[in-house]
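Please study the sequence and the three-dimensional structure displayed below.

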Amino acid sequence: MSDHYDVVVLGAGSGNMVIDERFATQRVAIVESGDFGGTCLNRGCIPSKMLVHTADLVRAAQRGPALGARTSAAGVDWPAVRDRVLARIGSERDEGEQGRDEDEYVDRIRGIARFVGERRLVVTGADGEREISADQVVVATGSRPQLPPVEGLEQSPHHTSDTVMHLAALPRRMAILGGGYVGCEFAHVFSAFGVEVTQIESGPRLLNGQDEELAERFTTAAGEQWTVRLGVEAERVVTEAGGVRMELSDGSAVETDLILVATGRVPNGDLLDLERAGIEVDDDGLVVVDAEQRTTAAGVWALGDVCQGAPLKHVANHEARVVQHNLLHPEGLRRSDHRTIPNAVFSHPPLAAVGLTEEQAREEGVEVAVGRAEYAGTAYGWALQAGPDDQGPDAGGLVKVIADRATGRLVGAHLLGVQASTLVQPLIQAVAAGTPAREVARGQYWIHPALTEVVEGALNDLVDRLDED
């Protein structure tokens, strides 16, 4: 006989955010087959940024002599780095689980859930199968790394972002498949830690989804820190006694000890037997949702990487708040706002962006004005040695802002250089609010000589170009 709930949440990542004390009068279950806290806490955003910070410190120490500081980096104690990361996320995970166990109105069910009918599920766990049903179901099961169909890859010593931070020891050589966010962040981390990294990307540049000008600059900077192979694909992997040979599409080969696969992720909806509940997916396997995060099945909602939207933690959190409101207030549904989604890449140098790229704006028929400012043109940039003749992560740092000439409003902003993920925030607010570029540039003070002056400089350049009309 089915155990019935008011709300069942599938997934304890951002899905766990849906449930708070306002559900205390209801009966709720949270079903999770893996680690409590989801990908972000256990295998994604948080542990990877802890590794990035350590890598940033190593590179900063290496640069000290160029600034007159007697610093050096003799490498890292990998077990200490790894154990610090795992201990912190472990304590956060345990605290989250304990907090849920103290909520008397929530049942925490460990197991793999599959739909067997309309809002009916079977959960398979260590103690066997359990059937449950609910008035409302929230699908928030996330995504998992995808392995490309490369001959011999599965039999080789390989890792994904889910497992690489658990390495017993650092390899001497690492080949990274993929030139996106994950590949570029881990290329920075492991090359800073002393690993000989070769990054392989089939496209013409790394971070191909970013603004082309900034992606080109990043690719150049990356190539000065680790080996970058562009325009090639892995065709076969041969595991030998002395390591691994990866054969590429141009006839060359990369000799390595370990392969990190960072070629994308696949949504976990295919593990849920969604069709039995009448839940549709699109051609990419993403759960189809409307603006209120409702699926095609009555009483079933979805959020995060498993559904249509953007596979970013801050987007999943936003969608979780929308679903929470809509469960509590069915008479006044709210919509998710996916119009202005920012992103950041925590590599070396870092990038951040919001809104349209210059290329996208032109493709949409927008007559654009573009403002630019180099880090080297600011006083703080001098402190960073960010000039074109300098060496280091901030050489070539750039802020680029894009406006619609017809309205003077910002439609996009793109940053490459130190603190990019922080510097972008006022531009996120401006793009989201539709604030005219002139008001953003000159309607407030910008602290001198803070690095924010590079943002001010780009905005002023943009206003000057708008005034040319």
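W78, F186, F190 and F193 form one aromatic cluster. The structure shown is a predicted model, in which local features need pLDDT of at least 70 and side-chain atom pairs count only at pLDDT 80 or more, while totals for chains, interfaces and linings use all residues. Residues are numbered from 1 along each chain as its sequence is written, and side-chain values use heavy atoms, with hydrogens and water left out.

A pair of aromatic rings is described by the distance of the centres and the angle of the planes. Rings of Phe, Tyr and Trp (for Trp, its six-membered ring) pair if their centres lie within 6.5 Å; planes under 30 degrees apart count as stacked, over 60 as edge-to-face and the rest as tilted. By this rule the count comes to four aromatic pairs. In one of them, the ring centres of W78 and F190 are 5.9 Å apart and the planes stand at 50°, so the pair is tilted. W78 belongs to helix α3 (residues 78-101) and F190 to helix α4 (residues 181-192), so this pair ties together parts that are 112 residues apart in sequence. Helices (H or I, at least four residues) and strands (E, at least two) are DSSP runs, numbered from the N terminus.

Are these two residues buried or exposed? Buried means under 20% relative accessible area, exposed over 50%, and partly exposed in between (1.4 Å probe, protein chains only). W78 counts as buried at 3% relative accessibility, and F190 is buried with a relative accessible area of 0%. W78 also pairs with F193: their ring centres are 6.1 Å apart and their planes are at 55°, so this pair is tilted. Here W78 in helix α3 is linked to F193 in the loop between α4 and β10 (196-201), 115 residues away. Both W78 and F193 are buried.

Another ring takes part in a contact of a further kind. The charged end of R27 sits over the ring of Y5, 4.2 Å from its centre; the rule is that NZ of Lys or CZ of Arg is within 6 Å of the ring centre and within 35 degrees of the ring normal.

The cysteines come next. A disulfide is a pair of cysteine sulfur atoms within 2.5 Å, and the structure holds zero disulfides. For C45, the nearest cysteine sulfur is that of C40, 3.2 Å away. C45 counts as partly exposed, at 32% relative accessibility. For C307, the nearest cysteine sulfur is that of C45, 16 Å away. C307 counts as buried, at 3% relative accessibility.

Helix α5 (residues 212-223) has twelve residues, which at 1.5 Å a residue should span 16 Å; its end C-alpha atoms are 16 Å apart, which agrees. The expected span is 1.5 Å times one less than the number of residues. The buried residues of α5 are L214, A215, F218, T219, A221 and A222. Seen down the helix axis, the buried residues of α5 fall within an arc of 165°, so they line one face of the helix. This arc is that of the directions from the helix axis to the C-beta atoms. Among the elements that cover the buried residues of α5 are α4 and β11 (227-230); contact means heavy atoms within 4.5 Å.

Finally, V106 is located in strand β3 (residues 106-110). V106 is buried, with a relative accessible area of 8%. Not counting residues up to four places away in sequence, V106 touches I19, V28, I30 and R100.
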